[in-house]
Amino acid sequence: MDIRLGIIGFGGMGKYHAQIAPEGGVKVVAAADILPERVKEAEDQGITGYHSAEELLADESVNTVILTVPNYLHKEIGIKAAKAGKHVISEKPCALNVAEVEEMEAACKEAGVHFTVHQNRRWDKDMLTVKYAFDNKLLGNIFTIESTLHSGNGYVHEWHLYKKFGGGMMYDWGVHLIDQILFMMPDAKVKSVYADIKNILHEEVDDYFKIIMKMDNGITCQIELGTYILKYQPRWLAAGDKGTMVVQSLGRQDGRIYRTGKVLEKLPPQIAETEAGPTRQFAPLPPGGIVEEELPAIQTDVLDFYRNFRDVLNGEAEQLVKISEVKRVLSVMAAAWKSAETGEAISFE
């Protein structure tokens, strides 16, 4: 069975899927939007255009839909799609909470259709580089991972400005950044979640958060996102007892691995004089004290998401993005909001 895709919501993400899906072997046959100009854009691309989700769901040539509407509409339209016999792909976040996901899941099971979420950031090279280091003990025993995403663009845009639509950065990017950590170490349990969530430039929705997750494998994971931090920090830092890895940029592999050089093992401790007194532990390292290595080469293709879903429909593969994983991410998000409200760490798994 091939994927014959209907796109519900032909805004930015809808157009993105119309562009990339055919490269993954998907036939885009229909698109729906409430704005006439967007319907025309779809039709200009040779896609059948509809002015409502209901019209598209009645199209028998469509066997799969992707929900690229504002977050608060995912549950309602997803359930309608399942009842119409369509396989359901939702943009992230799948829904606003676990209960809504479970309603969608139940509707899809009852209708006998497949259900998944487009967690495309699982294919980011920067994250997969850190995952490779974790999987292959490239840094020895990792004890801390920092996932950082900063922007100086400041203001949130369009419907993301409104809480009632499921706006804010936790729903927009927190769902990605938490998913990446859990995907990186799927066998580890989250012992506790502590979070600080702020509204810096926006009264209604969050635009800054810091989440600290303590895992039962001994790793402390810190996630920080800010839309108004003007000096960006590296996208990733991972430190183990055999080295440290830094990945600088989102979606790229521009960084290094740092290890202790032989010279540092032979030299006695150095002493540095500061205005407030001497320090030995934090004295500058001598030349050759730290050696650098290139990052491992990582191959990835986000189109594998669609290829996998096609294989799932044909009974040839296991679904890469599982609904149980989606619910776990939303559960961590709920714990983060509770922690931010109470000021306390929340015991988790």
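Begin by selecting helices H6 and H7, whose crossing is right-handed (the near helix is turned clockwise from the far one by less than a right angle). Helices are DSSP runs of H or I with at least four residues and strands are runs of E with at least two, numbered from the N terminus. The model is predicted, so local features need pLDDT of at least 70 and side-chain atom pairs 80 or more, whereas totals for chains, interfaces and linings use all residues. Residues are numbered from 1 along each chain as its sequence is written, and side-chain values use heavy atoms, with hydrogens and water left out.

H6 spans residues 125-135 and H7 residues 169-184; they pack at about 25°, with axes 10 Å apart (axes are lines fitted to C-alpha atoms, for helices over the stretch in contact, and angles run from 0 to 180 degrees between N-to-C directions). H6 is therefore roughly parallel to H7, a term for angles under 35 degrees.

Next, display the side chains at this contact (heavy atoms within 4.5 Å). Met127, Leu128, Val130, Lys131, Phe134 and Asp135 in H6 meet Gln180, Phe183 and Met184 in H7.

Now select the open sheet of 9 strands, ordered E16-E13-E12-E11-E7-E10-E9-E8-E17 with mixed pairing; two strands pair if DSSP finds at least two bridges between them. E16 (290-294) and E17 (346-347) are the edges, each with a single partner strand, so one side of each lacks a neighbour in the sheet. At E16, 5 bridges join the strand to E13 (residues 255-260) in an antiparallel arrangement; Ile257 has Glu293 as its bridge partner.

Finally, select H10 (residues 323-342), which packs on the sheet and touches E8, E9 and E17. The direction of H10 makes about 60° with that of E8.

Note on methods: Parallel < 35°, antiparallel > 145°, perpendicular 65-115°, else oblique.
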